[in-house]
Amino acid sequence: MTNERKHYIDWVRVLAFFILIFFHCAMPFVTFGWEIKNSETSVGLSRLVWWLHQWRLPLLFFISGVGIHFSLKRRSVFAFAGERIVRLFIPLFFAMFFTIPLQVYFEYTQKGRISGSYADFYPTVWEMVPYPEGSLTWSHMWFVVYLFVFCMLLLPVFGIFRIKALERLKTRIANAAHHPLLMMIPVLPLLYYYLTLFIRYPEQQSLLDDWFLFLSSLTLLFYGYFLAGSQPFWDACQKYRKWFLGTALVCSIFLFARYWWNMTIPKEDGSELFLYGLANSLHIWCIILAALGFAKQYLNFSNPFLVYANEAVYPFYILHQTLIVAFGYYVTQWNLPILVKMILLILATFIGLALVYRWLIRPFILTRVLFGMKPRRKELSGTITESTELILQRAD
C-alpha cells in the first residue's frame, strides 16, 4: 500500500550519514585542506573523497525534501515551520556555542595559533568573531543552516500545494515523468547552474555569496519534495536502477579521465565547463536515482537497527565532526600508516558517538531537544495510558 512507511528511504538516509562520517574521517589524510591534517596524505584517498563529495550532500538534500513531503502530510504548514525551528535552529545554536568550539580549539592548537587549555580558549567564542579570524563558526552544520533557510523560503510553496487542485496537478506532473529519459529533465536546471554560477560562485558553505551551492541544493530539496508523493516515480527508480547506475558509472569514468584524476576542474566559461557541468549533473542525479532504486529493491524492510539508527542519525551528524577532529588531533600524531590511522579514527568516532548518544543524549528530554530529537511522549505527559500511547505510535 502507498500509505505504508517507505523503509528504503530511512535506509538511504542512514547509510548516507554513515558515508558522511567515513568522508570526514578521511579528511585529515587527503591532499586538500581541512580542520586538522596528517603530515602524510594520500592522493588515491583524495580522489575517492572528491568523488563522494559530488553526490553525498545532493543525495541528503533530496532525501530531506522527501522528508518534508511526508512531514507536511501530518501537520499544517505553520506547525511544520514551528517544528523546523525546534529541530533545526535550536540544535544549530547549541552546536555553534557548545560543541563545535572544541574542534576549533584542536584546529588552532595544531596550527600553533593557541597553546593554552580549552578553558582558556572557550571564552573567545562569545566574542562573536566569525571563523577563521575568530572562534565562532557553524562548520559542518552549514547543512542545517541551508536546510532551515530552504524550509522557510519554501513555506509559501508548501502552502500553495495544499490547495487541492494544485496538489492534484503536482501529483499528475510527478506521475507523468516515469520514463527514464523524462526522468533526466531535472538535470537541466543543475546544468544551468554550472554554466552560470559555478565559476563565479565557488562553493563556500557560507550562505552568502554561495549561489551555485545554494541554488543547486535548494533545487534538489524541491525535487525530493515534489516527487516524494509519486508512486510511479519510486517504481521507475526501482525498475531502471541498473540503467541509472550504468549512466552514473559512465559519467564517473569520463569525469575522472578528463578532470578529477589530476584535479583539473574548469576555471573559465567555455566548452570544457559545459562538458563538465553536463557530465557531473547527470552523474549526481543518476546516483540519486540509482540509490533510491536499489534501496527500494533490496532495503524495503525494517529491523531494530534501522529503528535505532534512524532516530540516532541526526544527533550523530551534529556531534560527529567534533569527535573526529578531537580524536584526529591525537591520531595524526602517531607513527602509523594512513590506513591504520583512518581505521582507528573511524572506530573511535563510532564508539564515541554511540556512548555519548546512549548515555547522555537519548535518555534525557533536554539533550534530546538540543540534538534535534523528538521528546518521548511519556516525558511530555506521564498521564497518557498505554492504550492511548499505542494508538499514537500507530498514527505515526
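Predicted model: local features only at pLDDT ≥ 70, side-chain atom pairs only at ≥ 80, totals over all residues.
Student: Start with α2. What span should its residues give, and how far apart are its ends?
Tutor: Helix α2 covers residues 43-74, 32 residues in total, and should span 46 Å at 1.5 Å a residue. Its end C-alpha atoms are 47 Å apart, which agrees. The expected span is 1.5 Å times one less than the number of residues. Helices here are DSSP runs (H or I, at least four residues), numbered from the N terminus.

Student: Where is the kink in α2 centred?
Tutor: On His53, with a kink of about 30 degrees. The bend at a residue is the angle between axes fitted to the seven residues ending there and the seven starting there.

Student: How many residues of α2 are buried?
Tutor: 24 of the 32, so α2 is largely enclosed by the rest of the structure. Buried means under 20% relative accessible area, exposed over 50%, and partly exposed in between (1.4 Å probe, protein chains only).

Student: Which residue caps its N-terminal end?
Tutor: Ser42 does: one of its side-chain oxygens lies 3.5 Å from the backbone nitrogen of Gly44.

Student: Changing topic. How many aromatic pairs are there in the whole structure?
Tutor: A search finds 59. Rings of Phe, Tyr and Trp (its six-membered ring) pair if their centres lie within 6.5 Å; planes under 30 degrees apart count as stacked, over 60 as edge-to-face and the rest as tilted. One of the pairs is Phe80 with Phe158, edge-to-face at 5.7 Å centre to centre and 90 degrees between the planes.

Student: Which helices hold Phe80 and Phe158?
Tutor: Phe80 lies in α3 (residues 77-98) and Phe158 in α7 (residues 155-160), so the pair ties together parts that are 78 residues apart in sequence. Phe80 and Phe158 are both buried.

Student: And Phe93 with Phe97, why is that pair tilted?
Tutor: Because their planes are at 40 degrees, with ring centres 4.8 Å apart. Both lie in α3, 4 residues apart, about one turn of the helix. An α-helix has 3.6 residues a turn, so residues three or four places apart point the same way.

Student: Phe93 and Phe97: buried or partly exposed?
Tutor: Phe93 is partly exposed at 43% relative accessible area, whereas Phe97 is buried at 6%.

Student: Which residues do ring pairs link into a cluster?
Tutor: Phe17, Phe61, Trp142, Phe143, Tyr146, Phe150, Trp211, Phe214 and Tyr317.

Student: On to α13. Is His283 there buried or exposed?
Tutor: Buried, at 0% relative accessibility. His283 sits in α13 (residues 271-298), and its side chain makes a polar contact with that of Ser252 at 3.1 Å. A polar contact is a pair of N or O atoms within 3.5 Å; within protein, one must be able to donate a hydrogen and the other to accept it, and residues adjacent in sequence count only if both atoms are side-chain atoms.

Student: What does Ser281 touch?
Tutor: Val187, Leu190, Leu191 and Tyr194, not counting residues up to four places away in sequence. Contact means heavy atoms within 4.5 Å. Ser281 also lies in α13 and is buried, at 1%. Its C-alpha is 5.9 Å from that of Leu190, 91 residues apart along the chain, and its side chain reaches the backbone nitrogen of Leu191 at 3.5 Å.

Student: Last topic, the backbone. Which peptide bond is cis?
Tutor: The one from Tyr131 to Pro132, with omega near 10 degrees. Pro132 is in the loop between α5 (118-121) and α6 (142-153). Most residues other than glycine have a negative phi, and most peptide bonds are trans.

Student: What about phi at Asp209 and Met263?
Tutor: Asp209 has a positive phi near 55 degrees, in the loop between α9 (187-197) and α10 (211-227). Met263 has a phi near 55 degrees, also positive, in the loop between α12 (241-260) and α13. Met263 is partly exposed, at 34%.

Methods. Residues numbered from 1 in each chain as written. Heavy atoms only, no water. Helix = DSSP H or I, 4+ residues; strand = E, 2+ residues; numbered from the N terminus.
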